[in-house]
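Welcome! Let's get to know this protein together, one question at a time.

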Amino acid sequence: MIHSIVWLKHECTVQTVEGRRNWGILERLNAGEVVIGDGGFVIALEKRGYVKAGPWTPEATVTHPEAVRQLHREFLRAGANVMQTFTFYSSDDKLENRGQSLKYTGAQINEAACDLAKEVASEGDALVAGGVCQTPSYLSCKSETEVKAIFKKQMEVYIKKNVDFLIAEYFEHVEEAEWAVQVLKTGGKPVAASMCIGPEGDMHGVSPAECAVRLVKAGAQIIGVNCHFDPMTCVQAVKMMKAGVEKAGLKAHYMVQPLAYHTPDCNCQGFIDLPEFPFALEPRILTRWDMHKYAREAYKVGIRFIGGCCGFEPYHIRAVAEELAPERGIMPPGSEKHGMWGSALEMHTKPWVRARSRREYWENVMPASGRPKCPSLSTPECWGVTKGHADLLQHKEATSTQEMKHVLEMQKKAKSSA
């Protein structure tokens, strides 16, 4: 029998979830449940030495399955009840892009990812979601037929492995997201769609409201945003989506899986325009207490699928789960090693640390960077190129010396005009 730790009158008791074991994502959301997603596998595994920054591809599912399995397990213990397959950028056109030459196919990587996610999900009350994301082929202006064929090839693995639902995530252009949803709908599974956009909309200026309506009409039952922006910015974008859907007389569930980085200085491209991306983002990381505020705000605006993306570690997800424990009726297993609002600090040997064992302290703390000359904001590198621009045409060959000379010249111009 499967059990989970439940928060009841400030005590942890054991509740069986056997009666709802067969509930899928839509059944849970229709019943008003709060579904908690996991976090950012790509960034987390890069920091751990299993993903290469640049291509950001997930071959670790085959080469280092123990690392992927362990991260799934940590997010499950933290309170996540969706195990998303580690299949970000696992399309064949991405695996062979710009000089990368892997001996594994997308199908092999995706099958291994499904097996790992399903194995860990079975250890708790979790669902498995298979995901697809934006492609180099779309940026290179390949046809709708060609791009859809890439999504179909990935989806066939997820259907074969019988995942619980499908996610089209990390799309900068609503057109490509629509194509992905249209393909995923043919699989007969529930479909979620999240775009990596903020309040300014997609890379061609399509508003969050219009993006949302188009995704619902394409067949997505759950819509929202992921990545590129901090939690409060993403919540604002989903709020705009929700208003657009309601104005159009449509219905949907809503999801949000933001960055764990503060991004007040970002433009419409998000954090990849920041000069700190990707190797110097640590000073921007949100605290667990920031995550409490995020979870509460997301819940207040009507979002019920709440998770994380790049920068999210298991302790961030645990904070989300703890904040929403009253609504969910459950505390995550990982909370047995974490006193709510620092209460376990009462056991500390130093009295000044014991004095911090209270909610008021952590809700009002203002973390310092410890860097005397560190600026509070950065100037994004606004190159202003997107799908259709010659600089975004992709190819299998490694980036040439001439190409590098060109991008360095472009970088110099962008910085001088900032």
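Q: How far apart are the end C-alpha atoms of residues 23-324?
A: In this predicted model, residues 23-324 are the stretch that an unreviewed UniProt entry lists as "domain: Hcy-binding". Over that stretch the chain is 45% helix and 12% strand. Its end C-alpha atoms are separated by 20 Å.

Q: How many helices and strands does the protein chain have, and what is its radius of gyration?
A: The secondary structure of the protein chain comes to 17 helices and 10 strands. For 418 residues the globule rule gives 22 Å, and the chain's value is close to that, so it is as compact as a globular protein of that length. The radius of gyration is 21 Å.

Q: What share of contacts in the protein chain between residues at least 6 apart in sequence join residues at least 24 apart?
A: Here a contact means heavy atoms within 4.5 Å. Counting contacts between residues at least 6 apart in sequence, the share that joins residues at least 24 apart is 75%.

Q: Is Asp202 buried or exposed?
A: Asp202 sits in the loop between strand S7 (191-195) and helix H10 (208-218). Leaving aside neighbours within four places in sequence, its contacts include Glu172, His173, Met195 and Cys211. A residue counts as buried under 20% relative accessible area. Asp202 has a relative accessible area of 4%, so Asp202 is buried.

Q: How far apart do the centres of the positive and negative side chains lie?
A: The protein chain has 50 positive and 50 negative side chains. The centres of these two sets are separated by 3 Å.

Note on methods: Residues numbered from 1 in each chain as written. Predicted model: local features only at pLDDT ≥ 70, side-chain atom pairs only at ≥ 80, totals over all residues. Heavy atoms only, no water. Helix = DSSP H or I, 4+ residues; strand = E, 2+ residues; numbered from the N terminus. Rg over C-alpha atoms; globule rule 2.2 N^0.38 Å. Lys, Arg positive; Asp, Glu negative; His and termini not counted. Charge placed at Lys NZ, Arg CZ, Asp CG, Glu CD. UniProt positions renumbered as here; feature names shortened; annotations may be inferred. Buried < 20%, exposed > 50% of the residue type's maximum accessible area, 1.4 Å probe, protein only.
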